[in-house]
Amino acid sequence: MEKNRFASTTLSLAALLSTGCVNKQYTQAQIGYANTGQERTDRIDLLCIRTREGAKVGEGKKEEFRLGFDVCYGKVPDSSSHKTYTIEVPLAGTQQIDVEGTTRSKLVKLSMPFIEYQYGRLEANIPGQAIAKSGLRSSETKDLSLGMWATMGYDIDFIISQTDYDIGGGSLDHIPGISVDGKFYGELTNEVTLFGKVPLDISVRVDDAGKVMPLFLGGYRIQW
């Protein structure tokens, strides 16, 4: 999607929301899996929760936008360190002290999309009368809907750690630490919605450092 079109639709959403020209609103919640690495050696498996508020805006309800957030949580592989310090000890002279550290960390990733815009949609009903008679069919949408979404947002990574130090026979345990890092990202999502109620997502996210994160999510949508 071209940048100028994306900027235009972003401004259109803000204007329409401020004037109340919004209809066909819905809320959906999903849970799923993601990983942050491209190689098995640096991959971090994540459990993710995604919430979205969506709406079709304007006459004809051709433009669809969403806002919300993602929260992902996972364990970072343990790391170890070794450092040697040289100190002067009265009467004993120069001494070397080896410090061994073992760090256990967890990652909490908070993702805030500035906007999600649906740039394409394909819809179809399942042939036959079985679905119509079952009551599963929604009056608002087709049985199967494939929505194609583009997202721009910002990731904040919180790495929360505890480190144990072994210092020449003694130890210092459970020393806490935290680091925070933020990056802009873009994301493309293919979302299959069953009967207007069950959204299943496959997404690919790329941050401004070029790191790729695939996501797989499923959940439930409430139209209101």
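Which residue lies over the face of Tyr26, and at what distance from the ring centre? We will come to the answer under the charges below.

## About the model

This is a predicted model, in which local features need pLDDT of at least 70, side-chain atom pairs count only at pLDDT 80 or more, and totals for chains, interfaces and linings use all residues. Residues are numbered from 1 along each chain as its sequence is written, and side-chain values use heavy atoms, with hydrogens and water left out.

## Nonpolar cores

Let's start inside. A nonpolar core here is a set of buried Ala, Val, Leu, Ile, Met, Phe, Trp, Tyr and Cys residues joined through side-chain atoms within 4.5 Å. Buried means under 20% relative accessible area, exposed over 50%, and partly exposed in between, using a 1.4 Å probe and protein chains only. The largest such core has 10 residues, including Ala34, Ile44, Cys72, Val76 and Met213. Two or more residues each come from β2 (45–57), β3 (63–89) and β8 (212–223), and β8 gives the largest share, 3 residues. Strands are DSSP runs of E, at least two residues long, numbered from the N terminus.

Cys72, a member of this core, touches Leu46, Leu47, Cys48, Leu107, Val108 and Lys109, leaving aside residues up to four places away in sequence; contact means heavy atoms within 4.5 Å. Another core, of 5 residues, lies apart from the largest one and has Ala55, Val57, Phe65 and Tyr117 among its members.

## Aromatic pairs

The whole structure holds 3 aromatic pairs. Rings of Phe, Tyr and Trp (its six-membered ring) pair if their centres lie within 6.5 Å; planes under 30 degrees apart count as stacked, over 60 as edge-to-face and the rest as tilted. Phe65 and Tyr117 have ring centres 5.3 Å apart and planes at 40°, so this pair is tilted. Because Phe65 lies in strand β3 and Tyr117 in strand β4 (residues 93–124), the pair ties together parts 52 residues apart in sequence. Phe65 is buried at 3% relative accessible area, and Tyr117 is buried at 2%.

Phe114 and Phe184 also form a tilted pair, 6.2 Å centre to centre with 55° between the planes. Phe114 is partly exposed at 49%, and Phe184 is partly exposed at 47%. Ring pairs join Phe114, Tyr154 and Phe184 into a cluster.

## Charges over rings

Back to the opening question: Arg221 lies over the face of Tyr26, 4.0 Å from the ring centre. A charge sits over a ring if NZ of Lys or CZ of Arg is within 6 Å of the ring centre and within 35 degrees of the ring normal. Arg66 has its charged end over the ring of Trp149, 3.8 Å from the centre.

Key
Helices (H or I, at least four residues) and strands (E, at least two) are DSSP runs, numbered from the N terminus.
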